[in-house]
Structures are given as C-alpha cells and as structure tokens.
Amino acid sequence: PDQRTQALEAAKGSEKDLPRILVELGFTTEEKIMKGIGIKAKVPYFTSLEGLYTTESANILSEELARRLQVVPLFKIDNVATVAMVNPMDIFVIDSLVKTTGFRIDPVVCMRSTIFETIIVFTEALKPALMREIFAFECGPASIGNNHRATAHKSDATAASNGTHGY
C-alpha cells in the first residue's frame with residue numbers, strides 16, 4: 001500500500017492526529033509539516049523562537065494556558081500579541097487567546113517541540129524574579145527596598161488585571 005493508505009489505516013481508532021502519525025511512520029518530518037501549514041495559512045514559520053521573545057512575553061498568559069493551548073506568546077505591539085502555535089488555523093485556540101488576553105492575535109507557526117522547549121525556558125528564566133517578588137511580599141519593603149517592592153506589586157496588579165499569572 002502507498003504511504004497515504006498506510007497513514008490512514010494507522011489513524012483509524014487512534015487519538016493521534018494525522019501529521020503525528022506521518023512523522024511516526026517516517027514518511028515526513030515535523031518541520032516539513034509545519035512549513036506546509038505555514039504556507040497554507042499564509043503565516044511565518046519559525047524553526048527557532050530564540051530572540052523573538054522577552055521574559056515580559058510570559059506575562060501575556062499563564063504557563064498552564066500556554067501548555068494547554070500549545071502556544072508561546074512572543075511579543076505585543078499595541079493591542080496585538082504575536083503568538084507561536086502549532087496550528088494557526090485553529091479558531092478555538094485563537095478565540096481562547098483573544099478572550100483571555102483581550103488582544104488581537106497574530107499567529108506564527110512553530111513545531112510543538114520548540115513551543116514546549118520555549119515554555120520551559122520561560123519558566124526557568126522567571127523563577128528568580130518570582131522568588132524575589134514572593135520574598136518582597138512576605139518580608140516587606142525593609143528587606144529588599146521600596147523600588148523592588150513597588151515593581152512586584154505593579155506586576156501582580158498587571159497580572160491580576162488581565163487574568164494571567166505569568167510563567
């Protein structure tokens with residue numbers, strides 16, 4: 001049987017999506033599939049997200065939501081958030097992001113593995129800042145200084161106002 005028939009047979013009764021089955025059968029690579037999706041959706045495709053985001057990007061939405069939707073917020077300009085995702089044509093994901101963030105969403109395509117690697121980078125990068133905020137909140141201004149305490153409260157207020165908690 002041809003590759004198409006083999007892939008469709010393997011997909012029967014499976015919860016895996018067809019692109020994942022094609023990769024598992026060795027018929028293609030995730031990168032080739034993502035490039036094809038980018039071309040079809042007419043959005044940019046990135047093999048790496050390095051240098052496209054800042055640690056402030058993590059404040060756009062929570063780590064839990066990023067993992068669940070399989071997205072990475074890259075940056076925000078005015079009222080538009082550029083977000084890396086596996087499927088830029090997934091209206092459910094885009095609608096969820098719009099409702100959660102209040103921003104218009106400008107999607108770009110990226111491999112699932114790169115998205116999760118970037119979420120881990122965000123999580124690790126923000127741990128020291130989160131610990132400083134917790135310390136400042138629990139210990140008061142005398143332990144760290146008024147400026148840092150104000151910053152911690154400002155970011156807490158920002159996160160609370162947009163329903164996020166950062167990574």
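This is a predicted model: local features need pLDDT of at least 70, side-chain atom pairs count only at pLDDT 80 or more; totals for chains, interfaces and linings use all residues.
The buried residues of helix H5 pack against helix H4 (63-69), strands E2 and E3, and strand E4 (104-110). Residues are numbered from 1 along each chain as its sequence is written, and side-chain values use heavy atoms, with hydrogens and water left out.

**Exercise 1. Which residues of H5 are buried, and which are exposed?**

Step 1: Buried means under 20% relative accessible area, exposed over 50%, and partly exposed in between, with a 1.4 Å probe and protein chains only. Helices (H or I, at least four residues) and strands (E, at least two) are DSSP runs, numbered from the N terminus.

Step 2: Find the buried set. In H5 (residues 91-101), these are Val93, Ile94, Ser96, Leu97 and Thr101. Seen down the axis of H5, they fall within an arc of 160°, so they line one face of the helix. The arc is that of the directions from the helix axis to the C-beta atoms.

Step 3: Turn to the other side of H5, where Ile91, Phe92 and Lys99 are exposed.

Step 4: Check both ends. At the N-terminal end, aspartate 90 caps H5, with a side-chain oxygen 3.1 Å from the backbone nitrogen of phenylalanine 92. After H5 comes glycine 102, whose phi is positive, near 80°.

**Exercise 2. How many bridges join E2 to E3, and how many residues lie between these strands?**

Step 1: Recall that two strands pair if DSSP finds at least two bridges between them.

Step 2: Count. E2 (residues 71-77) and E3 (residues 80-85) run antiparallel and are joined by 6 bridges. Valine 72, for example, has alanine 84 in E3 as its bridge partner.

Step 3: Look at the turn. The two strands form a hairpin with 2 residues between them.

**Exercise 3. Where do lysine 42 and aspartate 78 lie?**

Step 1: Start from the background that most residues other than glycine have a negative phi.

Step 2: Take lysine 42, in the loop between helix H3 (30-41) and strand E1 (45-46). Its phi is positive, near 60°, and lysine 42 is exposed, with a relative accessible area of 74%.

Step 3: Take aspartate 78, in the loop between E2 and E3. Aspartate 78 is not a glycine, yet has a positive phi of about 55°; with a relative accessible area of 68%, aspartate 78 is exposed.

**Exercise 4. Is threonine 118 buried or exposed, and what is it in contact with?**

Step 1: Locate threonine 118 in helix H6 (residues 112-139).

Step 2: Read the accessibility. At 6%, threonine 118 counts as buried.

Step 3: List the partners. Contact means heavy atoms within 4.5 Å. Leaving aside neighbours within four places in sequence, threonine 118 is in contact with Leu49, Tyr53 and Val72.

**Exercise 5. How many helices and strands does the chain have, and what percentage of its residues is buried?**

Step 1: Count the elements. The secondary structure comes to 8 helices and 4 strands, in the order α-α-α-β-α-β-β-α-β-α-α-α from the N terminus on.

Step 2: Of the 167 residues in the chain, 34% are buried.

Note on methods
A polar contact is a pair of N or O atoms within 3.5 Å; within protein, one must be able to donate a hydrogen and the other to accept it, and residues adjacent in sequence count only if both atoms are side-chain atoms.
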